[in-house]
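Hi,

Here is the structure I promised to pass on. Have a look at it first, and then read on for what I found in it.

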Amino acid sequence: MNYFIGVEDLVANALIELVEKTGNRTVSFSQLNKYGDAIIAKLRARNLDATLIYTRDETEQFFHDCSDIFTINESESDIEITLNDNISTAYLRKKFRINLAVHLLSAFVSPEAVETIIR
């Protein structure tokens, strides 16, 4: 089975872990890249195929579709995504984890992956 991980799942799951473990409501694209790499490595170690999908079109669509959940801030060096104050991690869990495959969820919450966004 081949799993496709979109930017919305990557952002939501990173922020669930980040908020619950540190209280920080902002994640950078640099952190997301490392988080995504760790997730892919975890899945491949289990002989599962996975692909991250965050093309320009997918990312722009995510920004548009999720503007009520996340705020995007661009700087010269990076892009930061902040969970809006009125959105809880319980809401993110319900919206983004309810139908997530167990293998994917396990990779999203693995200590190796979470460590990449907490540093």
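A word on handedness before anything else: a crossing counts as left-handed if the near helix is turned anticlockwise from the far one by less than a right angle, and as right-handed if clockwise. Keep in mind too that this is a predicted model.

**H1 against H4**

Two packed helices are described by the angle between their axes and the distance between the axes. For helix H1 (residues 7-22) and helix H4 (residues 89-97), the angle is about 150° and the axes are 10 Å apart. Angles over 145 degrees count as roughly antiparallel, so that is how H1 runs relative to H4. As for the hand, the crossing of H1 and H4 is left-handed.

Which residues make the contact? On the H1 side they are Glu8, Asp9, Ala12, Asn13, Leu15, Ile16, Glu17, Val19 and Glu20. H4 brings in Thr89, Leu92, Arg93, Phe96 and Arg97. Sorted by class, the residues of this contact come out as six nonpolar, two polar and six charged.

**H1 against H3**

H1 also packs on helix H3 (residues 56-65): the axes come within 9 Å and cross at roughly 55°. H1 and H3 are therefore oblique to each other. Here the contact is made by Val7, Glu8 and Val11 of H1 together with Glu58, Thr59 and Phe62 of H3. By class that gives three nonpolar, one polar and two charged residues. Glu8 of H1 turns up in the contact with H4 and also in the one with H3.

**H1 itself**

H1 is mostly covered, with 12 of its 16 residues buried. Among the buried ones are Val7, Leu10, Val11, Ala14 and Leu18, and also Asp9, Asn13 and Glu17. The length checks out as well: at 1.5 Å a residue, the 16 residues of H1 should span 22 Å, and the end C-alpha atoms are 22 Å apart, which agrees. After H1 comes Gly23, with a positive phi near 85°.

Asn47 is worth a look. Most residues other than glycine have a negative phi. Phi of Asn47, though, is positive, near 60°. Asn47 sits in the loop between helix H2 (29-45) and strand S3 (49-53). Is Asn47 buried or exposed? With a relative accessible area of 72%, Asn47 is exposed, because the cut-off for exposed is over 50%.

Asn84 lies in another loop, between strand S5 (79-83) and H4. Its relative accessible area is 13%, so Asn84 is buried. Leaving out residues up to four places away in sequence, Asn84 touches Arg25, Ser67, Asp68, Ile69, Phe70 and Thr71.

Tyr91 is in helix H4, and at 34% relative accessibility it counts as partly exposed. From Tyr91 to Gln31 it is 60 residues in sequence and 22 Å in space, C-alpha to C-alpha.

Cheers

Methods
Residues are numbered from 1 along each chain as its sequence is written. This is a predicted model: local features need pLDDT of at least 70, side-chain atom pairs count only at pLDDT 80 or more; totals for chains, interfaces and linings use all residues. Side-chain values use heavy atoms; hydrogens and water are left out. Axes are lines fitted to C-alpha atoms, for helices over the stretch in contact, and angles run from 0 to 180 degrees between N-to-C directions. Helices (H or I, at least four residues) and strands (E, at least two) are DSSP runs, numbered from the N terminus. Angles under 35 degrees count as roughly parallel, over 145 as roughly antiparallel, 65 to 115 as roughly perpendicular and the rest as oblique. Contact means heavy atoms within 4.5 Å. Ala, Val, Leu, Ile, Met, Phe, Trp, Tyr, Cys and Pro count as nonpolar, Asp, Glu, Lys and Arg as charged, and the others, Gly among them, as polar. The expected span of a helix is 1.5 Å times one less than its number of residues. Buried means under 20% relative accessible area, exposed over 50%, partly exposed in between (1.4 Å probe, protein chains only).
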